[in-house]
Amino acid sequence: MSADCIFCRIINKESEAEIVYEDDEFIAFKDLFPAAPVHLLIVPRRHISTLADLEAEDAPMMGRLIGVANDLARSFNLDRSGYRLVINCGKEGGQVVFHLHLHLLGGKALSPAIAEGRGG
Ligand code: AMP
Ligand code: ZN
């Protein structure tokens, strides 16, 4: 838990979010400023600042994170049409909230440009 972290506050139910999934390891909610018709954030409950802070032993957790994203893509009917998973890392990677999270974007034809990052 990081006191000034907005995602920790959402995890602790101290801030509002439209939560679409929760288990003992992850929480997923709708992005407040969606870049696509479906824009979810899948967030580990444990406060890890960035992708670059991951340790080797976090690999299984990251695998489960992608599993949750794939399950959500299926429940939001994106699995046939396609979708994009994005993790921004650090300032120049476009990261704004420094609590590791995976963006799930879909529901429209996303730009093929990888440099777009958020994929809107
Ligand atoms: P990133 O640039 O990868 O750090 O993405 C942070 C994302 O969090 C952005 O897409 C924001 O729109 C989103 N965001 C910021 N604050 C909130 C919030 N309180 N509830 C939901 N999404 C948020
Ligand atoms: Zn946090």
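Reply: A nonpolar core is a set of buried Ala, Val, Leu, Ile, Met, Phe, Trp, Tyr and Cys residues joined through side-chain atoms within 4.5 Å. Buried means under 20% relative accessible area, exposed over 50%, and partly exposed in between (1.4 Å probe, protein chains only). This is a predicted model, in which local features need pLDDT of at least 70 and side-chain atom pairs count only at pLDDT 80 or more, while totals for chains, interfaces and linings use all residues. Residues are numbered from 1 along each chain as its sequence is written, chains are lettered from A and ligands numbered from 1 in the order in which they are written, and side-chain values use heavy atoms, with hydrogens and water left out.

The largest nonpolar core has 17 residues, and Ile 42, Leu 65, Leu 72 and Leu 104 touch the most other members. At least two residues each come from strand S2 (26-30), strand S3 (38-44), helix H2 (59-75) and strand S5 (102-106). Helices (H or I, at least four residues) and strands (E, at least two) are DSSP runs, numbered from the N terminus. H2 gives the largest share of this core, 7 residues.

Beyond its neighbours within four places in sequence, Ile 42 is in contact (heavy atoms within 4.5 Å) with residues including Ile 27, Leu 65, Leu 72, His 101 and Leu 104. Another core, of 10 residues, lies apart from the largest one; Cys 5, Cys 8, Phe 29 and Leu 41 are among its members.

Strand S5 also holds His 103, which counts as buried because its relative accessibility is 5%.
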